[in-house]
Amino acid sequence: MTPNSITIIGETHRRPEAIQFFQSVITGYTQKNKCLTVALEIASSQQSLVDEIKQGKATVTDIEITSVIDHPPFRVLIKDLIEMQNHHDCLKLIAIDAGLELKTNRDEWMAIQLTDKVGQAPVLALLGNLHTLKKVDWNPAIIKKEPYVAEILAARGFNVKSYPQVWQDRACNSKIRLISVDESDASKLLNADLFALLNASKPETVTDIIDGIVL
């Protein structure tokens, strides 16, 4: 993670292991006394509550989070990050999702929120795995869907890196490694875990789709 960069870590929602990995990345980075902006898939309308929690005027339970994402480890992550801010002056926590009341494209909204924060401090976001895709060849038989966050950012020339997380065995979640995009397993993993969910062509190579897979 470098200045003027956006790094997106993907997750399968409501998996504690994904949260634990994301938090370990933040902890390892901030221990080097480096500045960081952390973005979460929470409605932007909740930002004032996030700030009030830091001031002791609210609690994590007050934040409204969609049920698709909400689970105890996610709220613990928020609480821990807010507490970390007391020890790291240049650690920021931002809510970037579009609330239902906005009635707008979520990926476009989140892309705008992320680009607004690009600066000397790198931006690190935790989003659903599909949002990490920089390119999708949709089935021409259907209406082409809107691009995901990573694709929007890449198309606009931002330095964006994306890494979906793929968990294969809940019993061995301590074994984590990075799968390079040029490894033969990369396309197999991405096709089985993500493109199997989409009405789109399964890519033979993923070098222009993601920057790696956290396995």
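Lys92 is exposed, with a relative accessible area of 53%, where exposed means over 50%, buried under 20% and partly exposed in between (1.4 Å probe, protein chains only). The model is predicted, so local features need pLDDT of at least 70 and side-chain atom pairs count only at pLDDT 80 or more, while totals for chains, interfaces and linings use all residues. Residues are numbered from 1 along each chain as its sequence is written, and side-chain values use heavy atoms, with hydrogens and water left out.

- Lys92 belongs to strand E3; helices (H or I, at least four residues) and strands (E, at least two) are DSSP runs, numbered from the N terminus.
- Apart from neighbours within four places in sequence, Lys92 has contacts (heavy atoms within 4.5 Å) with Leu36, Thr37, Val38 and Gln85.
- Between Lys92 and Leu36 there are 6.4 Å in space, C-alpha to C-alpha, although the two are 56 residues apart in sequence.
- Thr37 stands opposite Lys92 in E3.

**The sheet**

- Five strands form an open sheet in the order E3-E2-E4-E1-E5, with parallel pairing; two strands pair if DSSP finds at least two bridges between them.
- The edge strands, each pairing on one side only, are E3 and strand E5 (159-163).
- From one strand to the next, the twist averages 25°; axes are lines fitted to C-alpha atoms, for helices over the stretch in contact, and angles run from 0 to 180 degrees between N-to-C directions.
- E2 and E3 run parallel and are joined by six bridges.
- H1 packs on the sheet, where it touches strand E1 (5-11), E2, E3 and E4, and its direction makes about 180° with that of E4.
- H3 also packs on the sheet, touching E2, E3 and E4, and its direction makes about 145° with that of E3.

**Strand E4**

- Six of the six residues of E4 are buried, so this strand is largely enclosed by the rest of the structure.
- E4 pairs with E1 in the parallel sense over six bridges, and Ile8 stands opposite Ala125 in E4.
- Four bridges join E4 to E2, and these strands run parallel; here Thr37 stands opposite Val123.

**Nonpolar cores**

- A nonpolar core is a set of buried Ala, Val, Leu, Ile, Met, Phe, Trp, Tyr and Cys residues joined through side-chain atoms within 4.5 Å.
- The largest such core has 33 residues, of which Phe22, Val38, Leu40, Phe74 and Ile78 touch the most other members.
- Two or more residues of this core come from each of helix H1 (16-30), strand E2 (36-43), helix H2 (47-54), helix H3 (72-85), strand E3 (91-97) and strand E4 (123-128).
- Not counting residues up to four places away in sequence, Leu40 touches Phe22, Phe74, Leu77, Ile78, Leu81, Leu93, Ile94, Ala95, Ile96, Asp97 and Leu126.
- A second, separate core of 19 residues includes Tyr148, Val166, Leu189 and Ala200.

**The disulfide**

- One disulfide is found in a search of the whole structure, the term standing for a pair of cysteine sulfur atoms within 2.5 Å.
- Cys35 and Cys90 form this link, with their sulfur atoms 2.2 Å apart.
- The pair connects distant parts of the chain, 55 residues apart: Cys35 is in the loop between H1 and E2, and Cys90 in the loop between H3 and E3.
- The link of Cys35 and Cys90 is left-handed, with -90° about the S-S bond.
- Cys35 is partly exposed, with a relative accessible area of 32%, and Cys90 is partly exposed, with 29%.
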